[in-house]
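Please look over the sequence and the model shown here, and then read the briefing that follows, which is grouped by topic.

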Amino acid sequence: MKKLTDLDYVEQYASKMKSDNSLFRQQSRLIESQMRSSSSMFRNMFRGTDFKTGARDYLRKIGLLKD
Amino acid sequence: MRKAYLVEEDTIVMNRDMTDLDRFVKDFLEVLKKHSGYLIVSGFVSISSGRARGTEDVDILVPVMDRGRFDKLFKNLNESGFWCYQGETTEEVYDYFKDMSSIRFARVDEVFPNMEVIPIDATRKAKFFEFNHPQKMRVQDFEFNVPPIEFEILYKELVLKGKKDIEDARHLRVIFSELTDDAKFKEYEPIIRQELR
C-alpha cells in the first residue's frame, strides 16, 4: 500500500474541511495554542529585563533583525 | 455540519469563528487602513481558509509612502499597542521602508506573531498586480483583502516553492476548487513568472 505523504494529508484534510466546517475548531486550537506558548516563552525569557531590548537581541541572533 | 465557506457577491465568507490570530491582524488593519491600502498575502491566506498550521508572521503588502504619511501611520501603530522590531521612531525606521525592506510590528510585550510590512511600488510588477486586484475575504465581522486565489496558488507554486508553500497551495487548490478558474491561472502565470527573471 502506498504510504501517504504530507501533501496527501493536506489534500485529504482540505477535502474533508470543504464540506465540514467543524474542522475549523481543531485548527483554531492549534493556532491559539502556538500563540499562547510563544507569548509565555518570551515573557519568561525576557523577565527582569527591558522586553524590547531582549527581543531585539534575540531577533538579531535568529536573523530576523539586521544591524 | 456546514460548508467551509460561501460566496456573497464578491466576498469569500469563511464559516468559522475568529481566532486570536485573526484578532491580531484585525487590530493592525484597523490602524493601517486609516493611512494606506494593503494586501494580505501568503501564509495567512491559507490559514484563514483552514490550513492547519501555525505561523509567526503575517505578510502584508503596503505601497511605499512619503515620510509624512509614514510618520502618522507609525505613531498611530505605537499608540494602538504595536511595537516595531526595527526601531522606536520614524527616523530609525523610515529608511528601511523607503529602501523597500520589510519592517515588522508585534503587539507590545509580544514577539510573535508579527505583521511583516512589505513595501511595494510599480517596479515590483507581480506584487503590484495582485495589490491592484484584491479579493475580499471575511471571517465574522472581519473583512480583509487577499490576492485572487489563483494568483496566490501560482505564486506559492512558482516563486516561493518551499515545502510549506507547496502544501499551502495544495490546500487552496482543494478547498477553493469550485471557485478557481483555469482562464485566470493562464492569465496570471506570465505575470508571476516575471518575478523569476
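In this predicted model, B:Phe24, B:Phe28, B:Phe70, B:Phe74, B:Phe82, B:Tyr94, B:Phe97 and B:Phe105 form one aromatic cluster, where rings of Phe, Tyr and Trp (its six-membered ring) pair if their centres lie within 6.5 Å. Over all chains, the structure holds 21 aromatic pairs. Because the model is predicted, local features need pLDDT of at least 70 and side-chain atom pairs count only at pLDDT 80 or more, while totals for chains, interfaces and linings use all residues; side-chain values use heavy atoms, with hydrogens and water left out. Residues are numbered from 1 along each chain as its sequence is written, and chains are lettered from A and ligands numbered from 1 in the order in which they are written.

**Aromatic pairs and charges over rings**

- A:Phe51 and B:Trp83 form an edge-to-face pair, with 6.5 Å from centre to centre and 85° between the planes; planes under 30 degrees apart count as stacked, over 60 as edge-to-face and the rest as tilted.
- This pair joins two chains, because A:Phe51 lies in helix 3 (residues 51-61) of chain A and B:Trp83 in strand 5 (residues 82-84) of chain B, where helices (H or I, at least four residues) and strands (E, at least two) are DSSP runs numbered from the N terminus.
- Both A:Phe51 and B:Trp83 are buried, a term that means under 20% relative accessible area, with exposed standing for over 50% and partly exposed for in between (1.4 Å probe, protein chains only).
- The pair of B:Phe128 and B:Phe131 is stacked, because the ring centres are 6.5 Å apart and the planes stand at 25°.
- B:Phe128 and B:Phe131 are three residues apart in helix 5 (residues 125-131) of chain B, and so are separated by about one helical turn.
- B:Phe128 is partly exposed, with a relative accessible area of 27%, whereas B:Phe131, at 16% relative accessibility, counts as buried.
- The charged end of B:Arg16 sits over the ring of A:Phe24, 5.9 Å from its centre, and the charged end of B:Arg173 sits over the ring of B:Phe185, 4.6 Å from its centre; a charge sits over a ring if NZ of Lys or CZ of Arg is within 6 Å of the ring centre and within 35 degrees of the ring normal.

**The largest cavity**

- The structure holds one cavity of 30 Å³ or more, and the largest cavity has a volume of about 50 Å³; on a 1 Å grid over the protein atoms alone, a cavity is a set of points where a 1.4 Å probe fits but cannot get out, a pocket is an open set with protein on both sides within 12 Å along at least five of seven lines, and lining residues have an atom within 4 Å of a point.
- A volume is the space filled by probe spheres set on the grid points, which are joined across faces, edges and corners.
- The residues that line the largest cavity include B:Phe28, B:Phe70, B:Phe97 and B:Phe105, which are also among the members of the aromatic cluster.
- Helix 1 (20-32), helix 3 (67-79) and strand 6 (103-107) of chain B each give two or more residues to this lining, and helix 3 of chain B provides the largest share, three residues.
- By class, the lining has 11 nonpolar, no polar and no charged residues, where Ala, Val, Leu, Ile, Met, Phe, Trp, Tyr, Cys and Pro count as nonpolar, Asp, Glu, Lys and Arg as charged, and the others, Gly among them, as polar.

**The largest pocket**

- The largest pocket holds about 260 Å³ of space and is lined by 15 residues, of which A:Phe24, A:Arg25, B:Asn15, B:Arg16 and B:Asp17 lie nearest its centre.
- The elements that give two or more residues to this lining are helix 2 (23-45) of chain A and strand 2 (11-14) of chain B, and helix 2 of chain A gives the most, with four residues.
- The lining of the largest pocket divides into four nonpolar, seven polar and four charged residues.

**Chain B as a whole**

- Chain B has eight helices and nine strands.
- Of the 197 residues of chain B, 57% count as buried.
- B:Leu172 lies in helix 7 (residues 163-175) of chain B and is buried, with a relative accessible area of 0%.
- B:Leu172 and B:Ser46 are 126 residues apart in sequence and 6.4 Å apart in space, C-alpha to C-alpha.
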